[in-house]
Amino acid sequence: TLSTRGSIKAWMKLFIFWLAFSFASLASCSLEDKDGTQVSFVLVGATGNLAKKYLFQSLFEIYDGYKGKMTIFAGARASKEEGTPIIDEAVANIECKNNQADQCEALRIAFAAQVIYVQLKSEKGKPGNATTLRVALEKPFGRDYQSARALHESLSASLQNDEVLRIDHYLGKRGVLQIPSFLNANKEFVTENLHRGRVHHVEIVMKETESCSGRTSFFDEYGIVRDVLQNHLTELLVLTAMDPVNQVSQASKLKVLTKVKPIVPKNAVYGQYSEYKEHVIQSHGMAIVIISVVDVTDHSIFCDSTGNHHTTIMPTFAAVSVFLDVSRWKHVPFVLVAGKRLDERVAFVRIQMQPANDEICLSGSCGGNSVEFHIQGRNMQPCTTVRGGTSLLRRPDGWVVMTNTSEVVTMCPGDNISSLSPYTTLIAALLRDDRSLFVSTHTLLHSWKAWTPLVSADIFPRIYHQIDDLRLTLTKTGMPVFVDELESKQHGLSKQRQDDEL
């Protein structure tokens with residue numbers, strides 16, 4: 001995977017993860033078909049957290065079922081003496097999930113023999129034309145439409161379009177893969193219920209308990225909208241809003257993205273957890289000092305040793321209403337919500353049916369009829385729960401029904417939905433040249449075109465200490481607003497009317 005953070009020149013120097021096939025294209029093959037085929041992984045940034053925590057484990061899981069020859073070149077800037085022990089430790093921490101303990105150690109030893117550490121150089125290089133090349137890039141893919149387009153053009157100078165695959169690891173999650181599977185199996189239910197005549201609003205939520213401590217140098221450049229909403233949550237919106245299809249494709253996703261209305265500041269409310277400014281100071285060390293405080297919002301202003309001013313208005317929480325210019329979803333708000341330092345780690349999509357109140361329920365259910373796709377968290381497996389109107393439901397092939405009453409049906413994906421880690425699923429898709437689980441150039445640029453008006457604007461966030469500081473509701477036009485602000489506004493209007501009557 002290639003991390004695309006930093007300048008475009010830096011992006012072009014750091015190919016973090018590329019694949020070279022020394023035989024003919026493997027696009028039509030499954031893993032079991034690749035007997036005798038050589039595949040080489042070049043993992044750049046192999047000493048980093050992503051590689052140590054996820055990628056070596058996923059490559060091991062691919063190796064376990066791969067019948068050809070596999071070599072992993074683990075690359076980083078560290079010398080061989082410094083880098084090799086780090087890689088050895090990462091490989092030693094790999095877990096066996098499908099093998100007995102006695103088989104595990106032998107398999108790990110065999111895998112370790114295929115891992116070769118290499119110290120990276122800054123020269124540009126590329127395999128010959130006889131080798132099939134795939135370069136997988138990890139987000140972020142720019143900061144806005146212009147930078148995303150510039151990155152694409154820079155990559156195009158060295159790589160063909162079909163050689164580049166952009167990873168959004170959410171697309172490999174079991175909880176995300178269940179959405180198109182359920183909708184495709186329930187076309188009659190979708191036609192009857194999931195449209196503007198029956199749906200009040202759609203909530204797409206990802207909450208995290210962790211803070212930004214230790215990574216504010218990145219986060220203060222990107223914020224929660226660029227880090228989560230523009231990519232992960234937009235992908236969930238697309239999968240939820242698209243018409244049921246037998247196979248998700250870039251064309252079916254593009255059909256939705258081209259209908260996303262421009263997302264502007266009035267569509268959004270921002271928040272920032274109370275310790276964020278201290279975490280920014282810590283990441284900059286003693287070079288940052290507070291020179292003044294904005295009393296009303298408690299947003300500190302900093303000045304570094306060069307005289308440059310910094311503020312901490314970057315949001316760590318956002319709620320944004322997105323609208324689609326299609327008849328099926330006309331005027332239905334898709335409310336995308338994400339935040340750091342919240343009360344739980346959870347992600348879900350909840351389609352709230354009519355009638356419903358306007359409150360956005362970040363914790364638990366608001367009641368009423370709904371369709372909910374549970375993606376992760378709360379010590380629950382990914383499942384789909386339908387409350388009310390269950391008569392038309394069909395169980396997708398391979399799924400297991402957990403609850404089945406006249407009012408509530410819960411069903412969960414079986415083995416037909418990948419139970420592997422997201423990166424294992426995506427690497428396997430990459431080997432098959434299955435592009436449906438990746439982000440295409442066209443879908444990326446259309447997404448950024450919609451989000452750029454919002455990310456280009458400066459919006460002061462509300463400081464929050466706990467989840468109760470972020471209670472949300474919708475206005476009559478479907479825009480998110482903090483409950484206490486709406487109540488205060490309504491109280492002011494009521495008082496104004498009383499004064500006018502007097």
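A: Arg-166 sits in strand β7, which covers residues 164-167. The model is predicted. How accessible is Arg-166, buried or exposed? The relative accessible area of Arg-166 is 5%, under the 20% cut-off, so Arg-166 counts as buried.

What does Arg-166 touch, leaving aside residues up to four places away in sequence? The contacts include Leu-137, Phe-141 and His-152. They also include Phe-438, Val-439, Ser-440, Thr-441 and Leu-444. Some of these places can be tied to named elements. Strand β6 spans 132-138 and helix α5 spans 145-156. Leu-137 and His-152, both touched by Arg-166, therefore fall in β6 and α5 respectively. Helix α12 covers 441-455. Thr-441 and Leu-444 are contacts of Arg-166 and therefore belong to α12.

Pro-140 is the next stop. Pro-140 belongs to the loop between β6 and α5. The peptide bond leading from Lys-139 into Pro-140 is cis, with omega near 10°. Most peptide bonds are trans, and most residues other than glycine have a negative phi.

A cis bond also runs from Gln-354 to Pro-355, with omega near -10°. Pro-355 lies in the loop that joins β15 (346-353) and β16.

β22 (residues 472-474) pairs with β23 in the antiparallel sense over three bridges. Leu-472 stands opposite Phe-482 in β23.

A hairpin is formed by β19 and β20, with three residues between them. β19 (residues 400-404) and β20 (residues 408-412) pair in the antiparallel sense over four bridges. Val-401 has Met-411 in β20 as its bridge partner.

Now phi. Asn-379 is not a glycine, yet its phi is positive, at about 55°. Its loop runs between β17 (370-377) and β18 (383-387). Asn-379 counts as exposed, at 85% relative accessibility. Asp-433, not a glycine either, has a positive phi of about 60°. Asp-433 lies in the loop between α11 and α12.

Helix α11 (residues 422-432) packs against helix α2 (residues 49-64). The angle is about 55°, and the axes are 8 Å apart. That makes α2 oblique to α11. The crossing is right-handed. From α2, the contact residues are Leu-50, Tyr-54, Leu-55, Ser-58, Leu-59, Glu-61 and Ile-62. From α11, they are Tyr-423, Thr-424, Ile-427, Ala-428 and Leu-431. By class, the contact of α2 with α11 has nine nonpolar, two polar and one charged residues.

Methods
Residues numbered from 1 in each chain as written. Predicted model: local features only at pLDDT ≥ 70, side-chain atom pairs only at ≥ 80, totals over all residues. Heavy atoms only, no water. Axes fitted to C-alpha atoms, helices over the stretch in contact; angles between N-to-C directions. Helix = DSSP H or I, 4+ residues; strand = E, 2+ residues; numbered from the N terminus. Parallel < 35°, antiparallel > 145°, perpendicular 65-115°, else oblique. Left-handed = near helix turned anticlockwise from the far one by under 90°. Contact = heavy atoms within 4.5 Å. Nonpolar A, V, L, I, M, F, W, Y, C, P; charged D, E, K, R; others polar. Pairing = 2+ DSSP bridges. Buried < 20%, exposed > 50% of the residue type's maximum accessible area, 1.4 Å probe, protein only.
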